[in-house]
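Visitor: Could you pick one part of this model and walk me through it up close? I'd like to know what sits around it and what it leads to.

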Amino acid sequence: MAELILHQYDASPFSEKVRRVLAFKELAWRAVEQPMWNPKPELTPLTGGYRRIPVLQIGADIYCDTACILRVLETHQPEPTIFPAEYAGAAELLAWWADRQLFQAVVGVVLGEIGHALPAEFRRDREQMAPGLKFDELARHAPHALAQLRAFCRALDRQLAASPFVAGDRFSAADAACFHTLWFSRMAPSAAPVLEAHPAIQTWLALVENLGSVQQTPMPPAEALAIATAAQPATDLTVVPADPSGLAAGTSVTITPDDYAFDPVAGELIGLDAADIAIRRRDPALGELAVHFPRAGFVLALA
Ligand SMILES: N[C@@H](CCC(=O)N[C@@H](CS)C(=O)NCC(=O)O)C(=O)O
């Protein structure tokens, strides 16, 4: 079985979401460190332009976005599950809320407080990547972001006082998503008292942090690229005939995030269902690759 290669960086919250799931499932994986800002010359040849972190590589199959990554990890190793049958849908929905709404509040708090101290290249990169983001204005909006965080923590704490994990009695994708955002909030001094005011959140943070074991070994980027070159896409996703888009296998399409980092990836459609999209593309150096995205949060269009 091909190795699980996670293109990531240590401070990346969305990478922490995947690291928590890998630890919970006791999966061994290889970590390829990628830069925190563009250019990313050892990542974009794999994805075809998608620049966000993390990206999971299994041979010549490239999985973009943590929603898609969590699904493939669940298929790769179903037990222990991160989608317990009694609340698999709730776990997915809560993860979506955490990744978008809760994360947005946390980013406002963190960047509002420490943004001015970050490298100029980072600030320039993120202003280009995210529409409307202006570092000069972040400090002014930070109190509002903190109020949003407090309101969300109140609701989360109520849930965690009633059940050990976010969606129920067991760890799920919802815990990984809520955990990475609150883990990231620790970078802002003003978030600490908010978290400390919520005892059930405190207990749960410690519980999730200690689940499973991290089995991470570094891999140089060149080795990951060589693995992609030597492998062939192995996906078995197909285009479902009843898809409302009417798109057939073989159509030239583009896939673009609908929230930020609007870099389209072009290729030939090979897989499509309600949850995921897969395209085939050819890189001059790496050969044939299959690149996978979730359907939610991505715009699929004719090329
Ligand atoms: N919806 C995406 C969000 C990924 C994301 O925003 N990642 C951040 C890092 S944690 C990112 O890519 N920032 C820009 C960068 O690192 O270049 C996912 O679930 O993977």
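Guide: Let's start with α3, whose buried residues pack against α1, β3 (55-58), β4 (61-64), α7, β8 (276-283) and β9 (287-294). Helices and strands here are DSSP runs (H or I, at least four residues, for helices; E, at least two, for strands), numbered from the N terminus. Buried means 20 or more other C-beta atoms within 10 Å of a residue's own, exposed means 12 or fewer, and partly exposed is in between, with C-beta atoms placed from the backbone. Contact means that the C-beta atoms of two residues, placed from the backbone, lie within 7 Å.

Some ground rules: this is a predicted model, where local features need pLDDT of at least 70 and side-chain atom pairs count only at pLDDT 80 or more, while totals for chains, interfaces and linings use all residues. Numbering runs from 1 along each chain as its sequence is written.

Back to α3: its buried residues are Thr66, Ala67, Cys68, Ile69, Leu70, Arg71 and Leu73. Aspartate 65 sits in the loop between β4 and α3. It has a positive phi, near 85 degrees, though it is not a glycine, and it counts as buried because it has 23 C-beta neighbours inside 10 Å. Further along, in the loop between α3 and α4, you'll find proline 80, joined to glutamate 79 by a cis peptide bond with omega at about -5 degrees.

Now the ligand. Around it are Ser12, Pro13, Phe14, Met36, Trp37, Arg51, Arg52, Ile53, Asp65, Thr66, Ala67 and Asp99; a residue is near the molecule if its C-beta atom, placed from the backbone, lies within 6 Å of it. Both α1 (13-24) and α3 (66-76) put at least two residues into that shell. By class, the shell has six nonpolar, two polar and four charged residues, where Ala, Val, Leu, Ile, Met, Phe, Trp, Tyr, Cys and Pro count as nonpolar, Asp, Glu, Lys and Arg as charged, and the others, Gly among them, as polar.

Twelve of its twelve residues are buried, so α1 is largely enclosed by the rest of the structure. Its cover includes β1 (5-8), β2 (28-33), α3, α7 (173-185) and α9 (199-209). After α1 comes glutamate 26, with a positive phi near 55 degrees. Glutamate 26 lies in the loop between α1 and β2 and is partly exposed, since 13 other C-beta atoms lie within 10 Å.

Zooming out, the protein is divided into domain 1 (5-80 + 216-302) and domain 2 (85-209), with bounds from an automatic or database domain assignment. Across the boundary, 14 residues of domain 1 are in contact with 17 residues of domain 2. On the domain 1 side, α1 gives the largest share, seven residues, and by class that side has ten nonpolar, one polar and three charged residues.
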